Amino acid sequence: TAPEPYYLFLSSPGTCAGVFLVSFCAARTISMEGTPMNVPVEHNQKTHMMEKATIHTGFPGHFPQKYRKAAVKAAEMCTVKRSLLNPPEIQVHAG
């Protein structure tokens, strides 16, 4: 058994933002311990498609105040998020 592909897709923006955030913190030797992240998703009632995902992250008490805005900017550079903002053409071929 495995997660359905759509659920993997839904998890990818948060996972990607988390990876960018971890990279940002590792470069500055900032511990990520105790850093929460969740991604609530809003769906269109008619199409049942994702309409909005909001990536929420918190900062533990030890996280330096001077890096908070820059850390959010790093998470916003997530490749998945940027790909969804300019979606690729996807083709299906048979044969």
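**Close-up legends**

View 1. Helices and strands here are DSSP runs numbered from the N terminus (helices H or I with at least four residues, strands E with at least two). Keep in mind that this is a predicted model, in which local features need pLDDT of at least 70 and side-chain atom pairs count only at pLDDT 80 or more, while totals for chains, interfaces and linings use all residues. Residues are numbered from 1 along each chain as its sequence is written, and side-chain values use heavy atoms, with hydrogens and water left out. Strand 3 is the top contributor to the lining, with four residues. Of the 15 lining residues, Pro13, Ala53, Thr54, Ile55 and Lys81 sit nearest the pocket centre. (A pocket is an open set of points on a 1 Å grid over the protein atoms alone, where a 1.4 Å probe fits, with protein on both sides within 12 Å along at least five of seven lines; lining residues have an atom within 4 Å of a point.)

**View 2. Helix 1 bends at Ser12.** The bend comes to about 35°, and Pro13 follows within four residues. (The angle is taken between axes fitted to the seven residues ending there and the seven starting there.) End to end, the C-alpha atoms of helix 1 are 32 Å apart, which agrees with the 33 Å that its 23 residues should span at 1.5 Å a residue. (That expected span is 1.5 Å times one less than the number of residues.)

**View 3. Helix 1 has a buried set of residues.** Leu10, Pro13, Gly14, Cys16, Ala17, Gly18, Leu21, Phe24 and Cys25 are buried (under 20% relative accessible area; exposed is over 50%, partly exposed in between, with a 1.4 Å probe and protein chains only). These buried residues pack against strand 1 (37-38), strand 2 (41-43), strand 3, strand 4, helix 2 and helix 3. Contact means heavy atoms within 4.5 Å.

View 4. Phe9 is part of helix 1 and counts as partly exposed because its relative accessibility is 34%. Setting aside neighbours within four places in sequence, Phe9 touches Met50 and Leu84. Ser23 and Ala74 are 51 residues apart in sequence, yet their C-alpha atoms are 8.7 Å apart.

View 5. Thr29 counts as exposed because its relative accessibility is 75%. His48, in the loop between strand 2 and strand 3, isn't a glycine either, and has a positive phi of about 65°. With a relative accessible area of 57%, His48 is exposed.

**View 6. Pro64 is a loop residue.** Look for Pro64 in the loop between strand 4 (56-57) and helix 2 (68-76). Pro64 counts as partly exposed because its relative accessibility is 26%. Pro64 and Ile30 are 34 residues apart in sequence, but 8.3 Å apart in space, C-alpha to C-alpha.
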